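Please keep the sequence and the structure in view while reading.

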Amino acid sequence: MTDLVLTRLRLPDRPGLWDMAFAQGRISGIAPQIDADAPRHDAAGCLGIGGFVDPHIHLDKAHILDRCEMSEPSLAAAVRETARAKAGADVADVYARAARVAESAILNGTNLLRTFVEVDPRAGMRGFDAIMQIKQDYAWAIDIQICAFAQEGLTNEPQTEALLVQALEQGADLVGGCSYRDPDPETHIDRVFALARRFGTDVDFHIDFSLDPGMADLPALIAATQTHGYGGRVVAGHVTNLSAMPPEEVARIGRDLADAGIAVIALPATDLFLMGREADRLPPRGLAPLAALRSLGVHVAVGTNNVMNPFTPYGDANALRMANLYANVAHLAAPDDLAACFDMVGDGAARLMGRHRSLAVGQPADLVLIDAPDQATAVRTLAPVRAGWRAGRQTFVKPAGQLLR
Ligand SMILES: [Zn+2]
């Protein structure tokens with residue numbers, strides 16, 4: 001029994017226009033023409049994709065610009081101001097701000113994201129409790145992974161470890177560390193791995209967020225990944241200092257990352273905003289060199305990171321915008337390179353989160369329509385999304401704009 005037929009749909013890697021049928025929450029048919037006694041939705045030549053993916057975002061500290069002092073932006077000031085704001089945030093406040101971002105992400109075609117949630121003596125479990133509720137309340141449209149996160153360090157704040165345990169016991173999907181905020185980065189990394197092993201979860205680190213090649217925790221992360229046999233389950237976010245290294249050094253580290261099975265995520269909006277501020281001219285871009293890493297076999301992706309806070313005073317949780325920004329800053333122009341950028345906020349980013357998706361018969365009917373002929377063009381033009389379905393149920397619609405001559 002067919003529930004819906006999408007008509008005139010473009011699909012990646014399949015020339016021509018297609019019909020797609022949904023039944024009981026799954027894709028039940030893909031053919032040039034499907035005749036079924038069911039409602040029809042004209043895709044009008046839009047490209048059908050599995051939905052955008054934001055593999056690194058902070059729902060708990062979004063939309064706090066109005067309560068932060070922003071006269072001299074820097075990483076240190078961002079950490080300080082955000083810490084102050086979170087100490088004063090209750091569950092309802094976190095929930096309301098996170099809901100704004102979740103709804104924006106859904107309307108931008110994102111149906112899978114990984115959010116970090118800070119648990120520490122300032123935030124207690126309030127942020128976590130709010131985001132667990134968000135995860136449940138928006139499950140109709142978006143799959144949210146929660147990473148219990150030690151933003152302010154671990155060895156310097158021993159109470160945080162018990163809160164991470166509590167979050168993992170109460171349903172956090174994975175655990176995350178922030179080595180650059182801990183006076184003892186190696187012990188920090190080891191403790192996060194110990195928690196991950198205890199609860200059988202993946203790990204995700206904020207690491208090497210500077211332009212100083214000499215300040216590198218990545219070797220310790222590579223060693224820990226190998227020691228714990230954790231290849232394929234480790235993500236390194238930021239790693240901006242790779243942009244300050246000579247190509248041969250990047251190549252050596254890239255091979256080590258590929259061998260160890262560590263994925264790298266660039267956060268262009270934040271990295272561009274906070275890095276290179278000391279330059280009085282020709283400021284460096286300070287973005288992890290994803291194209292070079294990818295060519296060495298490293299799993300790479302791009303994320304939003306922050307929305308409207310001292311780390312990133314911009315944003316609308318639009319994953320495709322991050323791919324477009326990354327492509328622009330990284331000087332990418334070839335269709336294959338742009339298609340790779342699409343993958344960094346698409347199925348590639350999903351794989352990094354342990355989700356393997358495909359638009360094939362029998363798979364979940366999770367689909368987003370974007371107004372572009374192909375993925376590379378979508379990145380170039382920041383193509384608008386038009387509609388989305390999750391498990392066969394339509395979750396949003398965004399009609400095209402209309403000129404009134
Ligand atoms: Zn982050």
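In what order do the eight strands of the open sheet stand? The model is predicted, and in it the order is β6-β7-β8-β9-β10-β11-β12-β13, with parallel pairing. The points below begin with the domains, continue with the strands, and end with the helices.

**Domains**

- The domain assignment of the protein gives two parts: domain 1 covers 4–50 + 357–397, and domain 2 covers 52–352.
- Taken over C-alpha atoms, the centres of domain 1 and domain 2 are 30 Å apart.
- Domain 1 contributes 17 residues to the contact, and domain 2 contributes 21 residues.
- On the side of domain 1 that touches domain 2, two or more residues come from each of β14 (367–370), α13 (375–381), β15 and β16.
- The element that gives the most to this side of domain 1 is α13, with five residues.
- By class, the residues on this side of domain 1 are nine nonpolar, four polar and four charged.

**The open sheet**

- Strands of a sheet pair through backbone hydrogen bonds, in either a parallel or an antiparallel manner.
- Asp204 has Val235 of β11 as its bridge partner.
- Helix α10 (residues 319–329) lies across β6, β7 (110–118), β12 (262–266) and β13. The helix α10 runs at about 80 degrees to β6.

- Strands β2 (residues 14–23) and β3 (residues 26–31) pair in the antiparallel sense over five bridges.
- Ala23 stands opposite Arg26, which belongs to β3.
- Two residues lie between the strands of the β2 and β3 hairpin, where Gln24 takes a positive phi near 50 degrees.
- Strands β15 (residues 385–390) and β16 (residues 393–397) are also paired in the antiparallel sense, over four bridges.
- Opposite Trp389 stands Gln394 of β16.
- The hairpin formed by β15 and β16 has two residues between the strands, and Ala391 in the turn has a positive phi of about 50 degrees.

**Helix packing**

Two packed helices are described by the angle between their axes and the distance between the axes.

*Helices α2 and α3*

- Helix α2 (residues 91–107) packs against helix α3 (residues 126–137) at an angle of about 45 degrees, and their axes are 8 Å apart.
- The two helices α2 and α3 are therefore oblique to each other.
- The crossing of α2 with α3 is right-handed.
- Residues of α2, among them Val91, Val94 and Tyr95, meet residues of α3, including Arg126, Gly127 and Asp129.
- By class, this contact of α2 with α3 has nine nonpolar, two polar and two charged residues.

*Helices α5 and α6*

- Helix α5 (residues 185–199) and helix α6 (residues 218–227) have axes 10 Å apart and pack at an angle of about 30 degrees.
- Because angles under 35 degrees count as roughly parallel, α5 and α6 are roughly parallel to each other.
- The crossing of α5 and α6 is right-handed.
- On the α5 side the contact is made by Pro185, Glu186, Ile189, Asp190 and Phe193, and on the α6 side by Ala220, Leu221 and Ala224.
- In this contact of α5 with α6, six residues are nonpolar, none is polar and two are charged.

*Helices α10 and α11*

- The helix α10, which lies across strands of the sheet, packs against helix α11 (residues 335–344) at an angle of about 140 degrees, with axes 9 Å apart.
- That angle makes α10 oblique to α11.
- The crossing of α10 and α11 is right-handed.
- Ala323, Tyr326 and Ala327 of α10 make the contact with Leu338, Cys341, Phe342 and Met344 of α11.
- By class, the contact of α10 with α11 has seven nonpolar residues, no polar residues and no charged residues.

Notes. Residues are numbered from 1 along each chain as its sequence is written. This is a predicted model: local features need pLDDT of at least 70, side-chain atom pairs count only at pLDDT 80 or more; totals for chains, interfaces and linings use all residues. Axes are lines fitted to C-alpha atoms, for helices over the stretch in contact, and angles run from 0 to 180 degrees between N-to-C directions. Angles under 35 degrees count as roughly parallel, over 145 as roughly antiparallel, 65 to 115 as roughly perpendicular and the rest as oblique. A crossing is left-handed if the near helix is turned anticlockwise from the far one by less than a right angle, and right-handed if clockwise. Two residues are in contact if their C-beta atoms, placed from the backbone, lie within 7 Å. Ala, Val, Leu, Ile, Met, Phe, Trp, Tyr, Cys and Pro count as nonpolar, Asp, Glu, Lys and Arg as charged, and the others, Gly among them, as polar. Two strands pair if DSSP finds at least two bridges between them. Domain bounds come from an automatic or database domain assignment.
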